Amino acid sequence: PRDPLESYNRAMFAFNTDLDNAFIKPIAKGYKAVVPAPVDKGVTNFFDNVSDVNSAINNLLQFKVSRFGTDVGRIIVNSTVGVVGLMDVATNLGLPSYKEDFGQTFGYWGDVDSPYLVLPVLGPSTLRDTIGLPGDIAANPFFHVWDASSPANWGIISLDVIDTRADLLPASDILETAAI
């Protein structure tokens, strides 16, 4: 179907691409160059462990009780044996990671068709996922640890963004090569 928000989406895509090329990508490249691979992997594992909390909540809301149990098991194993999630022990124990969010939960409950939407800084999404974003933020444990405006909160968010972007550098290189 035709994209009802096409002109907005194209403009926001251009803005995000410029922002990424000017700031986020160079910082991610610097992060990748400076941070040793085992530390980078530990940071990624830590944030994956935190995101399993959101996944567990959404699996429960979708009545996926088995997946909910697996997510809770992952959180417990990785937070204890995996040293606050720095190591992903749960995967080696056969506990797969199910990444569910509130947008998917809305889809489960009937909001199936949703227009494509490019968000500032956050990138491609759908209207349904955008409406679910406040729930995803509220399900993040860090939302409840620090005041939203605290430097510690913004430091954690920044580290998560830069780590995620650094992990996506190879994929973006492939896309750039393919585009040429």
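User: Helices are DSSP runs of H or I with at least four residues, numbered from the N terminus. In this predicted model, which helix holds both R10 and E6?
Analyst: The model is predicted. R10 and E6 form a salt bridge, with their closest N and O atoms 2.9 Å apart. The two residues sit four positions apart, about one turn of the helix, and both belong to helix 1.

User: Why can residues four places apart in an α-helix point the same way?
Analyst: R10 and E6 are such a pair, being four residues apart in helix 1. In general, residues three or four places apart point the same way because an α-helix has a turn every 3.6 residues.

User: How many residues apart in sequence are the parts tied together by D52 and K99?
Analyst: The side chains of D52 and K99 meet in a salt bridge at 2.7 Å, N to O. D52 belongs to helix 2 and K99 to the loop between helix 4 and helix 5 (102–108), so the pair ties together parts whose separation in sequence is 47 residues.

User: Is D52 buried or exposed?
Analyst: K99, at a relative accessible area of 40%, is partly exposed. Buried means under 20%. D52 has a relative accessible area of 0%, so D52 is buried.

User: Which residues are linked with D52 and K99 in a network of salt bridges?
Analyst: R74 forms a salt bridge with D88, and the closest N and O atoms are 3.3 Å apart. R74 lies in helix 3 and D88 in the loop between helix 3 and helix 4, so this pair joins parts 14 residues apart in sequence. R74 is buried at 3% relative accessible area, while D88 is partly exposed at 24%. The network links D52 and K99 with R74 and D88.

User: Which residue forms one aromatic cluster with F46 and F142?
Analyst: A search of the whole structure finds four aromatic pairs. In one of them, F46 and F142 have ring centres 5.8 Å apart and planes at 45°, so the pair is tilted. This pair links helix 2, where F46 lies, to helix 7, where F142 lies, across 96 residues. The cluster of F46 and F142 also includes F47.

User: What is the geometry of the Y108 and W109 pair?
Analyst: Y108 is partly exposed at 40% relative accessibility, and W109 is exposed at 54%. Planes over 60 degrees apart count as edge-to-face. The ring centres of Y108 and W109 are 5.4 Å apart and the planes meet at 80°, so the pair is edge-to-face.

User: What is the distance between the end C-alpha atoms of helix 8?
Analyst: Helix 8 covers residues 151–167, which is 17 residues.

User: Which helices do the buried residues of helix 8 pack against?
Analyst: The buried residues of helix 8 are N153, I156, I162, D163, R165 and A166. Their packing partners are helix 1 (6–34), helix 2 (37–61), helix 7 (142–145) and helix 9 (169–179).

Methods
Residues numbered from 1 in each chain as written. Predicted model: local features only at pLDDT ≥ 70, side-chain atom pairs only at ≥ 80, totals over all residues. Heavy atoms only, no water. Expected span 1.5 Å × (residues − 1). Buried < 20%, exposed > 50% of the residue type's maximum accessible area, 1.4 Å probe, protein only. Contact = heavy atoms within 4.5 Å. Salt bridge = Lys/Arg side-chain N within 4 Å of Asp/Glu carboxyl O. Phe/Tyr/Trp six-rings, centres within 6.5 Å; stacked < 30°, edge-to-face > 60°.
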